[in-house]
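Subject: Structure for you to look over

Dear colleague,

I am handing over the structure we spoke about, and below it I have set out what was found. Please read the notes with the structure open beside them.

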Number of protein chains: 2
Amino acid sequence: MYIVILAGGSGTRFWPLSRAALPKQLISITGDRSMLQRTVERILPLNPKRILIITNHLQADETERQMQLYDAVPIDVIAEPVGRNTAPAIGLAAALIAVHDPSGIMAVLPADHFIKNEKKLRETLVFAGEAAGKGYLVTLGILPSRPETGYGYIEAGMDSDGQGPFPVKRFVEKPPLAEALRYLEEGNFFWNSGMFIWRADAILEEMESFMPSLHEKLVQQLPVGQAALKEHIAALYQDIDSVSIDYGVMEKSAKVQMVPVEMGWSDVGSWSALPEVVEPDGNGTVCINAAGHIAVDSSDCLIYTDRKMVATVGVHNIVIVSTPDAILVCDRDRCQDVKKVVEQLGTAGLTAYL
Amino acid sequence: MYIVILAGGSGTRFWPLSRAALPKQLISITGDRSMLQRTVERILPLNPKRILIITNHLQADETERQMQLYDAVPIDVIAEPVGRNTAPAIGLAAALIAVHDPSGIMAVLPADHFIKNEKKLRETLVFAGEAAGKGYLVTLGILPSRPETGYGYIEAGMDSDGQGPFPVKRFVEKPPLAEALRYLEEGNFFWNSGMFIWRADAILEEMESFMPSLHEKLVQQLPVGQAALKEHIAALYQDIDSVSIDYGVMEKSAKVQMVPVEMGWSDVGSWSALPEVVEPDGNGTVCINAAGHIAVDSSDCLIYTDRKMVATVGVHNIVIVSTPDAILVCDRDRCQDVKKVVEQLGTAGLTAYL
């Protein structure tokens, strides 16, 4: 199996810890390894034939540096000159694999997700690989544990057995709460994980049907050698559209199937997701990387520091993040607005903090 | 005129900026100079005969260091071996002055107050010095600008002209709000500033009447030489009681008079006093020493940082303090509980943060 890791995310939602050149996937939120390193390590037991990491030119150096830990593993870091959403990145990876191994099975994994039960992920990839081998485009659906309104959903046709693969009825955008509650009750709705398994030729074939212009560019003769390849990619990205694989292929193809999985998954979408990743203390507070925390009548805070002592007095439901050059204090229910801070820093020309 | 500066405060209310060895008076909250340095500088135009700074042994070195700026001025730093409140400190200073100049006039000033109109302070000290020369114990009463419940009050007999000095009817402890409102309306109540002007022999005489045991120890023959004096003070403090000058003398003496003054005074008692010292911005926020502040739907915050960029999102009425090793996030109405943080750090043995 080939592993394609999508590692091109920008660094706005975890500001000030994440930055443009050091986005979420390249930092450690919970431990020693970065999210990307953990993504690599959790699939190493599958002995992948090759790992392709699709990143962007700003983050390529740091990505290469972080991959030095795994020098016995065949890893290629491919830098996009500009981000064009997931379809071009995945298509490029498929084209690169197809040169040598057209029917090779590739698993596409985001670089910045948290997965508690990593063994379950590997088992699921192997299981899904069987359907992929038959030519299906398999997507992993996460068994929902709450009526989350921040995720997209997949509605599955549940006429197979409990393990799947199931046919997919439709993809649903982030729903309002009432809708999300109904999904949870109905039992055949799953969180759209953004993880896929398919044969390189299968996804290229569907791209040919639904994204012919992109497909045409992707299947041009690929040059040999790193420098030539880099130039080829730069030219390729000059005039391709920004399209997601969901919109470009998955919502249109008849070959899509879904494999359900329950593995303690979180996309760690903002600071407010910390409790999905680190168990809160008795006061509902998560405190990461602090020298200590003194809480006087405080609760439900999310704290990440540069090894400082933290004291909270009379505050509740607050996010506190401290890095060597910046501090964020944010209402826990307003974490989606952290990107506004990054926007304002940009507008003010304070590029040192981006 | 002699100036006696009481500089023995501990560092709990401005944690984490203030520490045991670096309390409020030795740090700068608003500018380049420490509160003590500003206290010294604002009385230098009076050409004091001598400045006596009473501090404690933990803070003596840093106090000496900060006084090196004024090496043309006769300054003595006197370290108490233990804090025994204001009466022993003031009595010791009076005894030291009385050795050479029994009728010398001494002004007693706290080291950690903020005064906007410094010229007015100097004029008031000179004016009050006239009454002091006649043998009165003069205390400065601050014209109250709001029904503050955090200060003690002085009730004056208003049968003199508007400048004073007025006789003092009584000293009042921190009042409840209804009481404070009444004081403000009645017009003859003033904030107890803790600033005094009197002759050295006058205060010693009243101490002889009302604190005879302390007086007896103070008027023992003082030895010559720094080392001998230090030993003498160490012995002196072995068995003296902790008593405030208010309780020990001012509330009992018939010689007390009050001079009113309006000079933009604040005792800067906690982080919540910052707006008395630095003008808030249009959103009610005071931001000191930050590289910048990005406010997304935030207001009325008090921010002090170690030169970091600060972003606030959806938070209001919050105190944020960052130092190289610690962070405080506190409800602005709970600043008096910052001392609980210091207590808990002590209980936990985290002495590095005290």
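Two strands are counted as paired if DSSP finds at least two bridges between them. Please keep in mind throughout that this is a predicted model.

With that criterion, there is an open sheet of 6 strands with mixed pairing, running in the order β13(A)-β15(A)-β17(B)-β16(B)-β14(B)-β12(B). Its edge strands, each of which pairs on one side only, are β13 (292-296) of chain A and β12 (286-288) of chain B, and neighbouring strands are turned against each other by 5 degrees on average, with direction ignored. Within the sheet, β13(A) pairs with β15 (309-313) of chain A in the parallel sense over 5 bridges, and there I294(A) has A311(A) in β15(A) as its bridge partner. Helix α11 (338-347) of chain B lies across β13 and β15 of chain A together with β17 (326-331) of chain B, and runs at about 135 degrees to β13(A).

Turning to the domains, chain A is divided into domain 1 (2-266) and domain 2 (271-353), whose C-alpha centres lie 29 Å apart. The contact takes 10 residues from domain 1 of chain A and 16 residues from domain 2 of chain A, and on the domain 1 side these residues divide into 6 nonpolar, 3 polar and 1 charged.

Finally, helix α3 (86-100) of chain A has 13 of its 15 residues buried, so α3(A) is largely enclosed by the rest of the structure. At 1.5 Å a residue, α3(A) should span 21 Å, and its end C-alpha atoms are 22 Å apart, which agrees.

With best wishes

Conventions:
Residues are numbered from 1 along each chain as its sequence is written. Chains are lettered from A and ligands numbered from 1 in the order in which they are written. This is a predicted model: local features need pLDDT of at least 70, side-chain atom pairs count only at pLDDT 80 or more; totals for chains, interfaces and linings use all residues. Helices (H or I, at least four residues) and strands (E, at least two) are DSSP runs, numbered from the N terminus. The expected span of a helix is 1.5 Å times one less than its number of residues. A residue is buried if 20 or more other C-beta atoms lie within 10 Å of its own, exposed if 12 or fewer, and partly exposed in between; C-beta atoms are placed from the backbone. Domain bounds come from an automatic or database domain assignment. Two residues are in contact if their C-beta atoms, placed from the backbone, lie within 7 Å. Ala, Val, Leu, Ile, Met, Phe, Trp, Tyr, Cys and Pro count as nonpolar, Asp, Glu, Lys and Arg as charged, and the others, Gly among them, as polar. Axes are lines fitted to C-alpha atoms, for helices over the stretch in contact, and angles run from 0 to 180 degrees between N-to-C directions.
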